[in-house]
Amino acid sequence: MKVKYIAAILLSTQLVYTACDDMGFLQIKPDSLELTDDRIKTVDDLENLLLGAYNGIRSSGFWGGRTLRGFDVIADDGVADVATFEWVQMSAHTMNLVNAVGRDTWTATYNAINMANQVAFSDLGESILASDPQKEAQFKAEASFIRALGYFHLVRAFGLPYAEETKDIAEMGVPLRLRGVMDRATAFEVVQRSTVSEVYSQIISDLEYAIGNLPGENKVESGRATVDGAKALLAKVYFYKHDFGNAAKYAEQVINTQKYDLDEDLTAKFGRAEKKTVTQEIVAMIPSASLIEDSWGGLRDYRTNGLALPTSRPSNELIAAYDQQNDNRFKTFFKNIDGSWYTLKFDYEYMDGIIIGYNELLLLYAESLAESNGNMNQALNALQKIEKRAYGKANTTTTDRASFIKAVQKERRLEIALQGERLFELKRIKQSVRGEAWDSHKVMFQIPDVEQNGNPDVNMN
């Protein structure tokens with residue numbers, strides 16, 4: 001079966017779908033919202049719309065980089081050397097309902113979710129797919145993956161972190177919209193926020209469906225959801241849910257395929273799109289094929305190879321966390337320019353948007369085994385793979401679970417630095433976020449004005 005690749009979707013998506021692309025998800029009275037039968041008639045039309053949903057993942061507010069950069073500024077790994085309103089707010093933990101990054105995160109992610117819902121979870125999409133059961137299962141599986149990734153992104157940005165103390169607090173997750181918005185009547189249906197636990201349950205349900213129904217023909221380089229990618233994401237979801245047994249289970253299933261490995265060249269996975277480097281380290285991604293399809297374009301502000309110094313950089317705290325003499329990651333990815341440290345990790349004209357890599361999977365697998373009383377020899381082997389590439393040798397030999405977990409958490413920060421994970425790592429392990437409590441509403445994006453306009457009774461952070 002021929003698989004359409006995401007890199008070829010931009011024009012076809014624009015021809016098929018214009019309804020919600022440039023509007024806030026619940027912006028009052030949008031000019032053009034109907035997705036009518038004369039625009040979507042065939043399974044091929046639905047596939048173009050599905051590819052458009054994938055394209056939405058690379059938007060700056062979803063996985064395209066600007067929001068990821070914002071997460072690290074809110075945490076303690078990133079610094080924004082700009083005085084614009086939204087970045088000053090993130091630096092000071094004073095985000096409000098008109099913060100541009102928060103608004104973009106909300107609208108871009110819900111737009112991608114809505115496109116996925118329109119394909120597989122709408123009356124129109126379901127009526128078209130009813131004639132092709134194979135495509136119906138496939139499209140529902142791919143739409144479920146996109147929706148799961150979207151809600152995982154949203155609940156971490158706007159909801160309380162998952163913990164026993166927080167998971168069942170009423171209306172502190174995000175609204176679960178599970179049917180495609182097709183017209184003005186359905187656009188303004190009021191949906192209150194679910195609990196964090198309810199959102200996680202929906203994410204897990206979607207990923208389980210995806211795992212059971214995704215086609216084997218989908219490959220990582222196509223950018224479309226794969227079984228391995230869905231399992232890796234599910235492992236990560238369970239990891240943040242503190243269900244370490246299931247996190248280890250799904251991570252191990254991906255690891256045991258032996259299709260993935262750590263690249264000897266630390267830069268290979270980042271340079272794949274532009275430099276055509278060969279990598280075995282990417283488990284799920286949104287690929288880039290050119291400058292106009294830069295899936296991590298929102299990380300451009302870190303780049304040191306432009307005409308001016310970047311406006312985003314690593315924090316002094318992050319720099320101090322590295323063994324600067326012995327860590328190959330530090331030597332490869334960081335540079336001092338005129339007394340300030342910058343990162344070289346994103347110095348490309350265009351990059352793939354890496355959703356999850358084998359390196360991150362190894363670390364969450366190692367910690368999950370230790371947390372769930374799993375096999376410590378396997379846990380140690382996974383951690384030592386990361387350490388041997390970073391330092392040329394294994395630094396950790398202990399199988400004492402508490403000491404081992406600390407070592408893994410240290411390497412997790414250093415290994416996936418500046419990729420948008422640090423804020424949620426601090427919340428997961430209940431550490432303060434630059435002086436704010438791990439569950440403080442000050443380190444959550446606020447529900448934006450575009451949602452309140454159409455859903456005025458939505459519970460605020």
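Predicted model: local features only at pLDDT ≥ 70, side-chain atom pairs only at ≥ 80, totals over all residues.
Visitor: Which parts of the chain make up domain 1 and domain 2?

Guide: Domain 1 takes in 36–214 together with 437–460, whereas domain 2 is made of 226–294 and 321–429. The C-alpha centres of these two domains are 24 Å apart.

Visitor: How many residues of each domain are in contact with the other?

Guide: Contact here asks for heavy atoms within 4.5 Å, and on that basis 30 residues of domain 1 touch 32 residues of domain 2.

Visitor: What area do domain 1 and domain 2 bury between them, and how much of it lies on carbon and sulfur atoms?

Guide: The two domains bury about 3,000 Å² between them, and carbon and sulfur atoms account for 68% of that area. On the side of domain 1, the residues that lose the most area to domain 2 are Arg58, Arg156 and Ile211, which together make up 22% of what that side buries.

Visitor: How many salt bridges does the rule find across the interface?

Guide: The rule finds five salt bridges between domain 1 and domain 2. Turning to Arg156, this residue forms a salt bridge with Glu421, in which the closest N and O atoms are 3.1 Å apart.

Visitor: Which helices supply the side of domain 1 that touches domain 2?

Guide: Helices H2 (43–57), H3 (66–74), H7 (133–158) and H9 (196–213) each supply at least two residues, and H9 gives the most, with seven residues. By class, that side of domain 1 has 23 nonpolar, one polar and six charged residues.

Technical notes:
Residues numbered from 1 in each chain as written. Heavy atoms only, no water. Domains from an automatic or database assignment. Buried area = accessible area lost by both parts, 1.4 Å probe. Salt bridge = Lys/Arg side-chain N within 4 Å of Asp/Glu carboxyl O. Helix = DSSP H or I, 4+ residues; strand = E, 2+ residues; numbered from the N terminus. Nonpolar A, V, L, I, M, F, W, Y, C, P; charged D, E, K, R; others polar.
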